[in-house]
Amino acid sequence: MTETTVEEAINLQETARCRALVAKDIGALSELIAPCLVHVHATGVIEDRNSYLASVSDKLEFLHVERRTLSIVDHGGFAIATGQLDQIVRNRFTDQTHDMKMVTSQLWVQQDGEWRQASFHATRLP
């Protein structure tokens, strides 16, 4: 794949991931993340694939997810994507809503011809 094609593919996957979060489409989300997922929330909570999907299904309601920027560097078979992300998330247990401006770092891996997110790390912007 050329670098442009990798960038386009990952941008499409990231757009689909953001849409799946807001739509609460756990099936679509599960197709976009790798079995080995490590997800580090902006709160510092670290989850594997199963606990992340359970959190999105049962605990977190994504009211708004907007990717501001995404810079992708292709490393042949994997890519690193960094950029700004805005989210409004409600915790279903506490009913608290958080409007977060973050920078994220993601590792995308190519598996069975598809790009899947293997790592996500978010840090809140000041």
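Modeller: In the hairpin of β1 and β2, five residues lie between the strands, and Gly44 there has a positive phi near 95 degrees. The model is predicted: local features need pLDDT of at least 70 and side-chain atom pairs pLDDT 80 or more, while totals for chains, interfaces and linings use all residues. Residues are numbered from 1 along each chain as its sequence is written, and side-chain values use heavy atoms, leaving out hydrogens and water. Strands (E, at least two residues) and helices (H or I, at least four) are DSSP runs numbered from the N terminus; two strands pair if DSSP finds at least two bridges between them.

β1 (residues 33-40) and β2 (residues 46-48) run antiparallel, joined by three bridges, and Val40 has Ile46 as its bridge partner in β2. β1 also pairs with β7 (residues 114-124), in the parallel sense over four bridges. There, His39 is partnered by Phe120.

Phe120 leads on to Leu85, as the two are in contact (heavy atoms within 4.5 Å). Leu85 is found in β5 (residues 78-91) and is buried (under 20% relative accessible area), with a value of 0%. Its other contacts beyond four places in sequence include Val65 and Met100. Leu85 and Thr123 are 38 residues apart along the chain, yet their C-alpha atoms are separated by 9.8 Å.

A nonpolar core is a set of buried Ala, Val, Leu, Ile, Met, Phe, Trp, Tyr and Cys residues joined through side-chain atoms within 4.5 Å. The largest has 18 residues, and Leu85 and Val65 are among those touching the most other members. β1, β5 and β7 are among the elements that each supply at least two residues of this core.

How values were computed. Buried < 20%, exposed > 50% of the residue type's maximum accessible area, 1.4 Å probe, protein only.
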